[in-house]
Amino acid sequence: IHKALEEFLKLWKGRLHATQGDLFAPAKAGKIAVPTFEELKTIYERAWIDDWYDDPKQKEEYRMRRGPSQLRNFYDNFLSAPPRPKYLEEFFKIAMGSYKFVGKIDRIDETEQGSVIIDYKTGEATPKKLEKVDRDQLIIYQIAAQEFLNEKIVNATYWHLQPNHFSDSFTATPTQMEKLKKEYTETIDTIVRTVANDSFVEADTAAP
């Protein structure tokens with residue numbers, strides 16, 4: 001699903017740029033060739049991977065029912081409000097104390113107010129209210145977007161494609177971002193010390 005949506009939006013982004021029109025003007029029929037749902041399904045079939053399923057029945061369930069259902073939810077939303085995607089599956093690398101933290105952001109859209117982070121969720125739907133772990137992930141993306149991509153982030157949210165809803169939107173303050181950096185750095189420090197101590201004990205006990 002992630003790969004199919006990435007390729008579909010790349011197609012749409014290319015057509016938007018080809019028009020060279022007003023960045024935030026509504027898409028007009030006849031002016032921009034809006035990709036069809038059939039094009040999205042074709043991209044999905046090309047992106048499909050047969051591995052990682054428990055059995056043929058589960059694979060068929062995902063390929064023929066869950067996947068197309070999520071594509072339809074995505075496409076209906078796309079038609080109702082055609083987005084202006086700027087980054088798709090974008091790599092980032094940010095500093096966490098003396099460490100480097102790397103990852104990818106599913107999507108960042110341009111709006112008149114600023115940039116919006118959207119992270120897709122394709123599993124079972126979860127409540128719209130953000131838990132701490134979910135909020136932390138969005139904060140990491142916001143830090144990455146601002147520090148690595150130099151974007152002004154005005155909103156960050158999860159899009160649960162099954163059945164079809166967005167989580168509560170969220171924008172971190174500078175204080176919240178610095179607090180999370182400190183928390184993560186301390187956690188990594190603890191892991192590094194633990195691994196180093198375990199390695200020392202193993203080497204010591206293995207000595208003749």
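This is a predicted model: local features need pLDDT of at least 70, side-chain atom pairs count only at pLDDT 80 or more; totals for chains, interfaces and linings use all residues.
## How H2 and H3 pack

Let's start with two helices, H2 (residues 37–47) and H3 (residues 56–80). Their axes come within 11 Å and cross at roughly 140°, which means that H2 is oblique to H3. The handedness of the H2 and H3 crossing is right-handed.

On the H2 side, the contact is made by Phe37, Leu40, Lys41, Tyr44 and Glu45. Their partners in H3 are Tyr62, Arg63, Gly67, Pro68, Leu71, Arg72, Phe74 and Tyr75. Taken by residue type, the contact of H2 with H3 has eight nonpolar residues, four charged ones and one polar one.

Most residues other than glycine have a negative phi, so the exceptions deserve a look. Glu89, which sits in strand S1 (residues 85–96), has a positive phi near 50°. Its relative accessibility is 18%, and because buried means under 20%, Glu89 counts as buried.

Asn150 also has a positive phi, near 60°. You will find Asn150 in the loop between helix H4 (132–147) and S4. With 68% relative accessibility, Asn150 counts as exposed, because the cut-off is over 50%.

Most peptide bonds are trans. The one from Gln162 to Pro163, however, is cis, and its omega is near 5°. To locate this spot in the structure, go to the loop between strand S4 (153–160) and strand S5 (165–166), where Pro163 is found.

Conventions. Residues are numbered from 1 along each chain as its sequence is written. Side-chain values use heavy atoms; hydrogens and water are left out. Axes are lines fitted to C-alpha atoms, for helices over the stretch in contact, and angles run from 0 to 180 degrees between N-to-C directions. Helices (H or I, at least four residues) and strands (E, at least two) are DSSP runs, numbered from the N terminus. Angles under 35 degrees count as roughly parallel, over 145 as roughly antiparallel, 65 to 115 as roughly perpendicular and the rest as oblique. A crossing is left-handed if the near helix is turned anticlockwise from the far one by less than a right angle, and right-handed if clockwise. Contact means heavy atoms within 4.5 Å. Ala, Val, Leu, Ile, Met, Phe, Trp, Tyr, Cys and Pro count as nonpolar, Asp, Glu, Lys and Arg as charged, and the others, Gly among them, as polar. Buried means under 20% relative accessible area, exposed over 50%, partly exposed in between (1.4 Å probe, protein chains only).
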